[in-house]
Amino acid sequence: MTKSNKNNLIIFLISVFIVAVVTACGKSSETINDVIADNTGNKSSISDEEDSSEIDADLIQDEMEEVNTISACVICHTDKQQLIDTAKPEEVKESENEGVG
Amino acid sequence: MAPLEPWEKVLIDSKEYPETTHGKFDCESCHLGEEAEDKEAAHNGLIAKPSENSEESCGACHQEYIVPFESSLHSTQQGYWTNIETRGGHDDPAFQQMFENHYQEYIVPFENSLHSTQQGYWTNIEARGGHDDPALQQMFGNHCSGCHATCGDCHVSQPSSVGGGFIDGHNFNATPSMTRNCTACHGSRVGNEYLGKNEGLMGDVHFRIARMTCTGCHTSKEMHDTDSVRPVNDEHRYESKQTPKCENCHQFVTLKTDEIVMHNQHGNKLSCQVCHSVSYSSCDSCHVKLSEETGAPMFTTGGTYLTFLIGRNSIQNSERPYEYVPVRHIPIDSESYSFYGEDLLPNFDSLPTWAYATPHNIQRSTPQNESCNSCHGNADIFLTADKVAPEELEANKDVIVIKVPVQFGLDN
């Protein structure tokens, strides 16, 4: 490869690198903006008729319900007194077996 | 073992369990049920024991264990069926009628709750072109299938046969508890022998001295059958490859290079337990039926007693080449299942009632290995015909010792 071709190649690679960096930053910015838009309801895809505060409340309510659903089983089954209080009465039956089983 | 209180059976460890791998799943992902604070609503559609359908529950992550385990003896209980089928195997239209009468009441829930055991039996019987016996199926479902082991019965809870319930707050224990899992089912013989609970007898040296639990010999690979040493749909625990084997650890015994002269002298003629076991439990006449008062399954046993008797090995094969082995009387008789029908065991004599035994009460020194003549010429410790009930002589013809090994020092 001649010296001038080599220099051209280097310049080309540097240019590609710069373009890539600029493009990535741009995308990050867009992503962050999208997130901000989601949280504030300012994203263009959201209908103007929707109230952003209602959307926030719905999101929060869904999260709370999800937490409550997961813990309903565990809340009961880690509470010894509740298990005692809700246990089905056990009928103690005398074994009719005779001898060693 | 004392049963757990109802709350103890279902109390989850609030600190440890949520931090475990299984604890990070939603409860409903295995147990179904509904998301509700009310107990009745929450338990609607609940699956209390997801591992009874291990393929769908545990198999999602543990395929390498589930696939081989489903054909293992703990899952299929095929060993029992092998003996029942060998002694029984009788086609009778009366059984068919009984099957039709009781199908909905007994067989349907049984099939649904213990899918592996039930299907395994039908597959084997149909494949061999053998005999259907609905009466024996009904009997088995009522009295025997309680010891069918699911993943949960070893790794999460006590077995159903002792009332169930969490062992460790729903934590999944990779190694089952010896006393709350293994001997919960294997208690009256193996458990008592191993732990030294038979009066006047010490526990097995592997427990007493070496402090080994069951899993010291009976490995995960054996239990799950993941090492494929047993054939698929194994017939009986003494049929295929001998595992575990004393020689796995005591390697020098069979090489005839150890310092024990008797090892070299007897070679493979004797199983290890002939010299190193002590008295163990034998039982008589177990009869099963349903209670007249409650309809619940029940049994009566004729008797349980300690014996040490050496018999001939009726199942000699390359894995078990011994001529003599300890034998234990098992509580089967020709009328054991008579509650469920007449003559259900027409081939009763096809299997011995003094069965090949591997007592779990090994000792270094025993009465019979004190000297050569502690065994040789000592008819008391051999299963001779006079020790066998007359009605069982035919069944035990391959086990009875006709000529006791000669005493040393006498002119032959």
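Buried area is the accessible area, taken with a 1.4 Å probe, that two parts lose on being put together, summed over both. I note it here because the size of an interface is often given this way, as the accessible area lost when the parts come together.

**Basis.** I am working from a predicted model, in which local features need pLDDT of at least 70 and side-chain atom pairs count only at pLDDT 80 or more, while totals for chains, interfaces and linings use all residues. Residues are numbered from 1 along each chain as its sequence is written, chains are lettered from A and ligands numbered from 1 in the order in which they are written, and side-chain values use heavy atoms, with hydrogens and water left out.

**Chain A.** I looked up the elements and found three helices and zero strands (DSSP runs, H or I of at least four residues for helices and E of at least two for strands, numbered from the N terminus). Of the 101 residues in chain A, 8% are buried (under 20% relative accessible area; exposed is over 50%, partly exposed in between, with a 1.4 Å probe and protein chains only). I also noted that chain A exposes about 8,400 Å², 57% of it supplied by carbon and sulfur atoms (Shrake-Rupley method, 1.4 Å probe).

**Interface.** I then took chain A with chain B, which bury about 2,100 Å² between them, 62% of it on carbon and sulfur atoms. On the chain A side, His77(A), Glu96(A) and Val100(A) lose the most area to chain B, together 26% of what that side buries. I found 21 residues of chain A in contact with 24 residues of chain B (heavy atoms within 4.5 Å). Nine residue pairs across the interface are in polar contact, both residues at pLDDT 80 or more (N or O atoms within 3.5 Å, one able to donate a hydrogen and the other to accept it; residues adjacent in sequence count only if both atoms are side-chain atoms). Helix H2 (52-77) of chain A gives the most to the side that touches chain B, with six residues.

**Salt bridges.** I searched for these next (a side-chain nitrogen of Lys or Arg within 4 Å of a carboxyl oxygen of Asp or Glu). Across the interface there are zero; the whole structure has two. In one, Arg328(B) pairs with Glu193(B), with the closest N and O atoms 2.8 Å apart. Arg328(B) lies in strand E4 and Glu193(B) in helix H12, 135 residues apart, and both residues are buried. In the other, Glu394(B) meets Lys397(B) at 3.5 Å, N to O. Glu394(B) is partly exposed at 44% relative accessible area, and Lys397(B) is partly exposed at 43%.
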